[in-house]
Amino acid sequence: MTNDKNELVLRDILANLTFLQAAKLLGPEGRRLLSKSSSLTDNLDLETAIHLGDASLVVDLAEARVTVTPTAEPNRRLALRCSACQSPENNCEHI
């Protein structure tokens, strides 16, 4: 699904990502972030904690809310925000 012929919605971007592709979208620390954060989702109720829309993915963890949105950059990176951490791209354990 797209909003415009050339504009992919977040759902389209995430739909078929491999681990390596997702890591690349997250930037230089992508592999580490994905590996480290997997333990936080072990007891997550997927029906209530994850909200996926056309423009954002929101995950409600016990101690933080993580938001993922596509950037306007040509390389289609993802912008990450964490309600509990100042600099999620560097040392956030929630992403």
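## Basis of the description

Residues are numbered from 1 along each chain as its sequence is written, and side-chain values use heavy atoms, with hydrogens and water left out. Since the model is predicted, local features need pLDDT of at least 70 and side-chain atom pairs count only at pLDDT 80 or more, while totals for chains, interfaces and linings use all residues.

## Overall composition

The protein contains five helices and six strands. Helices (H or I, at least four residues) and strands (E, at least two) are DSSP runs, numbered from the N terminus. Along the sequence, these elements follow the pattern β-β-α-α-α-α-β-β-β-β-α.

Of the 95 residues in the protein, 31% are buried. Here buried means under 20% relative accessible area, exposed means over 50%, and partly exposed lies in between (1.4 Å probe, protein chains only). The protein exposes about 6400 Å², and carbon and sulfur atoms supply 49% of this area. Accessible areas come from the Shrake-Rupley method with a 1.4 Å probe; for residues, only the protein chains shown count as cover.

Contact means heavy atoms within 4.5 Å. Among contacts between residues at least 6 apart in sequence, 38% join residues at least 24 apart.

## The four-stranded sheet

Four strands form an open sheet in the order E3-E4-E5-E6, with antiparallel pairing. E3 and E6 (78-82) stand at the edges with a single partner strand each, so one side of each has no neighbour in the sheet. Direction ignored, neighbouring strands of this sheet are turned by 10° against each other on average. Two strands are taken to pair if DSSP finds at least two bridges between them. The table lists the pairs.

| Strand pair | Sense | Bridges |
|---|---|---|
| E3 and E4 | antiparallel | three bridges |
| E4 and E5 | antiparallel | four bridges |
| E5 and E6 | antiparallel | five bridges |

Individual partners can be named for each pair. Ile50 stands opposite Val59 in E4, and Leu52 stands opposite Leu57 in E4. Val58 has Thr67 in E5 as its bridge partner, and Pro70 has Leu78 in E6 as its bridge partner.

E3 and E4 form a hairpin with four residues between them. A hairpin through four residues also joins E4 to E5.

Gly53 lies in the loop between E3 (50-52) and E4 (57-60). With a relative accessible area of 25%, Gly53 is partly exposed. Not counting residues up to four places away in sequence, Gly53 touches Leu10 and Arg11. Gly53 and Arg11 are 42 residues apart in sequence, and their C-alpha atoms are 7.0 Å apart in space.

Thr69 belongs to strand E5 and counts as buried at 15% relative accessibility. Leaving out residues up to four places away in sequence, Thr69 touches Ala55, Ser56, Arg77, Leu78, Ala79 and Arg81.

Leu78, Leu80 and Cys82 form the covered face, whereas Ala79 and Arg81 form the uncovered one.

## Helix H2

Which residues of helix H2 are buried? In H2 (residues 19-26), they are Ala22, Ala23, Leu25 and Leu26. These residues cover an arc of only 160° around the axis, which puts them on the same side of H2; the arc is that of the directions from the helix axis to the C-beta atoms. An α-helix has 3.6 residues a turn, so residues three or four places apart point the same way. On the other side of H2, Leu20 and Lys24 are exposed. Just after H2, Gly27 takes a positive phi of about 100°.

## The nonpolar core

A nonpolar core is a set of buried Ala, Val, Leu, Ile, Met, Phe, Trp, Tyr and Cys residues joined through side-chain atoms within 4.5 Å. The largest one has 14 residues, and those with the most contacts inside it are Leu44, Leu57, Val59, Leu61, Val68, Leu78 and Leu80. The elements that give two or more residues to this core are H1 (10-15), H2, E4, E5 and E6.

Leu78 touches Leu10, Leu14, Leu25, Leu26, Val68, Thr69, Pro70 and Thr71, with residues up to four places away in sequence not counted.

Note on methods
Axes fitted to C-alpha atoms, helices over the stretch in contact; angles between N-to-C directions.
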